Amino acid sequence: MDSIEKSQNQKKLNRTLFLFLVPLALVVCGVVAFRGLGRWLVRQDPPEHADVIAVLSGGLPYRAEGAAKYFELGYASEVWITRPEGPAEQLKQLGVSFTGEEEYSRMVLVQLHVPENDIRILPNTIINTEQEVEAIVRALRQANETSVIIVTSPQHTRRVKALWDKLAGKNLTAIVRAAPDDPFDAEHWWRNTRDALFVVREVLGLMNVWAGLPVRPHTD
């Protein structure tokens with residue numbers, strides 16, 4: 001009788017340990033995944049020579065600075081800048097002049113010794129990264145070019161690459177690089193609201209890409 005009781009007690013103990021250890025393991029895995037999310041979002045290609053360098057909107061001045069460094073190193077002979085949507089029309093109605101972000105990126109490039117003749121602002125206004133990728137693809141095809149170095153923020157690299165793979169086609173190549181001086185802290189992204197919001201936005205953006213881009217850009 002004692003051996004039977006001991007066996008039953010042992011089974012109860014094993015079951016209790018199992019019910020305790022499994023949730024604990026899940027919590028530990030969740031914490032590890034949570035902490036590593038910032039690093040996972042940073043997905044760079046090895047640097048290679050390309051026909052052009054493209055500066056995505058946002059991240060002033062770091063993305064433009066990164067593009068200037070690649071230009072200085074001779075990775076490409078021309079720099080393209082995308083033109084993000086801004087409140088130009090609304091401010092014009094109020095009699096207020098507006099300088100778009102693309103102009104500041106251009107000024108950063110010029111300040112860092114990229115010749116003005118080697119800088120091109122793409123003509124179409126874009127709202128989000130999907131439209132930026134489409135604008136770059138369209139410009140490459142119009143110029144009969146096949147490769148581009150895309151400079152963006154570290155946390156944005158994985159989504160940019162996912163969008164490129166989905167939208168560009170196999171005959172065009174993008175080398176996605178993170179702006180070297182961007183202050184995003186991939187190791188401790190949860191410690192400040194700026195980086196935390198970046199991570200949340202990138203995760204939601206990636207989910208949209210994986211789902212087939214069901215969430216569309218806003219329209220006025």
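A pocket here is an open set of grid points with protein on both sides within 12 Å along at least five of seven lines. With that in hand, let's work through this predicted model.

**Exercise 1.** Describe the largest pocket: its volume, its lining and the helices behind it.

*Solution.* Start with the volume, which is about 310 Å³. Next, look at the lining: 23 residues take part, and those closest to the centre are S57, G58, R63, H156 and R201. Then sort the lining by class, which gives 9 charged, 8 polar and 6 nonpolar residues. Finally, trace the helices: α2 (62-72), α5 (129-142) and α7 (193-210) each contribute at least two residues, with the largest share, 4 residues, coming from α7.

**Exercise 2.** Do the like for the second largest pocket.

*Solution.* Its volume is about 240 Å³. Of its 14 lining residues, N128, R159, G205, N208 and V215 are the closest to the centre. By class, the lining holds 6 nonpolar, 4 polar and 4 charged residues. For the helices, α5, α6 and α7 each give at least two residues, and α7 supplies the largest share, 5 residues.

**Exercise 3.** Place S153 in the fold and decide: is S153 buried or exposed?

*Solution.* First, locate S153 in the loop between β4 (147-152) and α6 (157-167). Its relative accessibility is 3%; buried means under 20%, so S153 counts as buried. Now list its neighbours beyond four places in sequence: G59, R63, A178 and D182. With R63, the S153 side chain makes a side-chain polar contact at 2.9 Å. R63 also links back to Exercise 1, being among the residues closest to the centre of the largest pocket.

How values were computed
Residues numbered from 1 in each chain as written. Predicted model: local features only at pLDDT ≥ 70, side-chain atom pairs only at ≥ 80, totals over all residues. Heavy atoms only, no water. Buried < 20%, exposed > 50% of the residue type's maximum accessible area, 1.4 Å probe, protein only. Polar contact = N/O pair within 3.5 Å; in protein donor to acceptor, adjacent residues only side chain to side chain. Contact = heavy atoms within 4.5 Å. 1 Å grid on protein atoms, 1.4 Å probe; cavity = no way out; pocket = protein on both sides within 12 Å on 5 of 7 lines; lining within 4 Å. Points joined across faces, edges and corners; volume = space filled by probe spheres on them. Nonpolar A, V, L, I, M, F, W, Y, C, P; charged D, E, K, R; others polar.
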